[in-house]
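Subject: Structure handover

Hello,

Here is the structure I promised you. Please open it and keep it beside this email.

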Amino acid sequence: MKEKINFDFDKRTWHPSPLAGQIVLVTTLNPDGVSNIAPKSWISMMAFKPPILALGCNLRHWTARNILVNSEFVVNIPGGELAETIWQCHRLPHPRPVEAAGLTPLPATKVKPPRVDECKAHMECLLDQHITYGDEVILLAQIVAVSVDKEIGNAADVYERMHMLFFLETATYGVIERSRHL
Ligand SMILES: Cc1cc2nc3c(=O)[nH]c(=O)nc-3n(C[C@H](O)[C@H](O)[C@H](O)COP(=O)(O)O)c2cc1C
């Protein structure tokens, strides 16, 4: 039998972190109609029908506040080439429109917050319900539109082109560079 190390419950101390979270850029609209962009990694699909995803967010963040006010957001899927932009983005002061991160807003199809042109796929979402735990909130939202770059959707090596990145621990991420098909 292998020996095991016991970790405590503070995720920030986990090394290695046994759970990787996909890094996404979430866009919302501030009450004055200006966009807000922030990286998030506590995100996953939760149900097929209706298509529900869960996003974990600090309640003080503009992302959570905007979604709780107007219910709409877009989950934009960046590739590994945006890693430095993503880490710079989360330190930018507010208001923090998409352009402040050096990125390009692209109108969404079903919701008011914009997609991010430099990202490869986008999920437009409407808040369904939320659950709070202390300072944090789990936002359960229905996906109302999904889009992907045409040149990726038509390619054979879609995952190599998506180059999706995952949060591992502070300042550390992983990238899917190769997919295998069983
Ligand atoms: C790679 C990465 C992943 C992050 N994931 C989350 C997350 O899942 N939830 C969260 O509340 N904050 C997360 N953060 C921190 C927020 O992005 C950061 O505090 C940001 O400034 C919040 O912006 P907002 O107030 O506009 O939402 C993450 C930061 C980085 C760099």
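Predicted model: local features only at pLDDT ≥ 70, side-chain atom pairs only at ≥ 80, totals over all residues.

Residues are numbered from 1 along each chain as its sequence is written, and side-chain values use heavy atoms, without hydrogens and water.

**The ligand**

There are 18 residues around the ligand. Being near means having a heavy atom within 4 Å. Asn36, Pro39, Trp62, Thr63 and His94 come nearest. By class, the shell has 8 nonpolar, 8 polar and 2 charged residues. Nonpolar covers Ala, Val, Leu, Ile, Met, Phe, Trp, Tyr, Cys and Pro; charged covers Asp, Glu, Lys and Arg; the others, Gly among them, are polar. Strand 3 gives the largest share of the shell, 4 residues. Strands are DSSP runs of E, at least two residues, and helices are runs of H or I, at least four, numbered from the N terminus.

Now the polar contacts (N or O pairs within 3.5 Å). A polar side-chain atom of threonine 63 is 2.6 Å from a ligand oxygen. For a polar backbone atom of tryptophan 62, the distance to a ligand oxygen is 2.7 Å.

Pairing takes at least two DSSP bridges. Glutamine 22 stands opposite phenylalanine 166 in strand 11.

Best wishes

Conventions:
Polar contact = N/O pair within 3.5 Å; in protein donor to acceptor, adjacent residues only side chain to side chain.
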